[in-house]
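Colleague: I am new to this structure and would like to learn how to read it. Could you take me through it feature by feature?

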Amino acid sequence: MAISLLGTAETLVVGNQATKALFGTDLIPFLTEGWLTNTTKATDNSWEVSLKELVQGLVPGGQGYGIAQSSFSGTPSMQIMKVMTMNLKKNGAQAAVTAVAAPVMFKMARKVFRRPIRVGNRLLKGTGVRI
């Protein structure tokens, strides 16, 4: 089965907005920071949470969610819910529009650029990649 470049791009666009809406950061920093890369400005405050911080918060005896204890009251799970609620209020509308509009736009692009895509797919035949 071949990897679709347009399908991958579409998934990244929608996934990026989903992580922005819930965790306050883009998809790649959400997945990699703290594990594959050092923490940067993408996940360095209490409103931005990385996957590493979520895992640490879920593991018994872990280091918590990376949320400043002075910023929020309640249990760690209540704190992460407050962060996600705040991020949804801030970025939820944009994420919802992107989740609906991106697939429609990619579908239109596939129809408009059908011939160049077909030519590109012929050139890439046998590589395991398609446009």
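**Reading the fold and its contacts**

Modeller: From the N terminus on, the elements of the chain run β-α-α-α-α-α-β. That makes five helices and two strands. Keep in mind that this is a predicted model.

Colleague: How many residues does the chain have, and what share of them is buried?

Modeller: The chain has 131 residues, and buried residues make up 30% of them. Its accessible surface comes to about 8,600 Å². Carbon and sulfur atoms account for 66% of that surface.

Colleague: What share of the contacts join residues at least 24 apart in sequence?

Modeller: Counting contacts between residues at least 6 apart in sequence, the share is 48%. Isoleucine 3 gives an example. Isoleucine 3 belongs to strand S1, residues 3–4.

Colleague: Is isoleucine 3 buried or exposed?

Modeller: Exposed, because its relative accessibility is 51% and the class begins over 50%.

Colleague: Let us turn to helices. How should I read which way their residues face?

Modeller: The general idea is that an α-helix has 3.6 residues a turn, so residues three or four places apart point the same way. Now take helix H4, residues 76–112. Its buried residues are Gln79, Ile80, Val83, Met84, Asn87, Asn91, Gly92, Ala95, Thr98, Ala102 and Phe106.

Colleague: What covers the buried residues of H4?

Modeller: The cover includes helix H1, residues 5–23, and helix H3, residues 51–58.

Colleague: Where does H4 bend, and by how much?

Modeller: The bend is at asparagine 91 and amounts to about 60 degrees. Asparagine 91 is also one of the buried residues of H4.

Colleague: Next, salt bridges. How many are counted here?

Modeller: The count comes to one. Glutamate 10 forms a salt bridge with arginine 110, and the closest N and O atoms are 3.4 Å apart. Glutamate 10 lies in helix H1 and arginine 110 in helix H4, so the pair ties together parts that are 100 residues apart in sequence.

Colleague: Are the two partners buried or partly exposed?

Modeller: Glutamate 10, at 17% relative accessibility, counts as buried. Arginine 110, at 31%, counts as partly exposed.

Colleague: How do I read a pair of aromatic rings?

Modeller: Such a pair is described by the distance of the centres and the angle of the planes. This structure holds one aromatic pair. Phenylalanine 23 and phenylalanine 30 lie 4.6 Å centre to centre, with 15 degrees between the planes. The pair is classed as stacked because its angle is 15 degrees and the cut-off is under 30 degrees.

Colleague: Are these two phenylalanines buried or exposed?

Modeller: Both phenylalanine 23 and phenylalanine 30 are buried.

Colleague: Last, the surface. Which residues make the nonpolar patch?

Modeller: Trp35, Leu36, Val55 and Val59 make a nonpolar surface patch of about 410 Å². Tryptophan 35 is found in the loop between helix H2, residues 27–32, and H3. Its relative accessible area is 47%, which puts tryptophan 35 in the partly exposed class.

Colleague: And leucine 12, where does it lie?

Modeller: Leucine 12 lies in helix H1 and, at 42% relative accessibility, counts as partly exposed. Leucine 12 and leucine 27 are 15 residues apart in sequence and 7.6 Å apart in space, C-alpha to C-alpha.

Note on methods:
Residues are numbered from 1 along each chain as its sequence is written. This is a predicted model: local features need pLDDT of at least 70, side-chain atom pairs count only at pLDDT 80 or more; totals for chains, interfaces and linings use all residues. Side-chain values use heavy atoms; hydrogens and water are left out. Rings of Phe, Tyr and Trp (its six-membered ring) pair if their centres lie within 6.5 Å; planes under 30 degrees apart count as stacked, over 60 as edge-to-face and the rest as tilted. Buried means under 20% relative accessible area, exposed over 50%, partly exposed in between (1.4 Å probe, protein chains only). The bend at a residue is the angle between axes fitted to the seven residues ending there and the seven starting there. Helices (H or I, at least four residues) and strands (E, at least two) are DSSP runs, numbered from the N terminus. Contact means heavy atoms within 4.5 Å. Patches are made of residues with over 30% relative accessible area and no salt bridge: like charges are joined within 9 Å, nonpolar side chains (Val, Leu, Ile, Met, Phe, Trp, Tyr) within 5 Å. Accessible areas come from the Shrake-Rupley method with a 1.4 Å probe; for residues, only the protein chains shown count as cover. A salt bridge is a side-chain nitrogen of Lys or Arg within 4 Å of a carboxyl oxygen of Asp or Glu.
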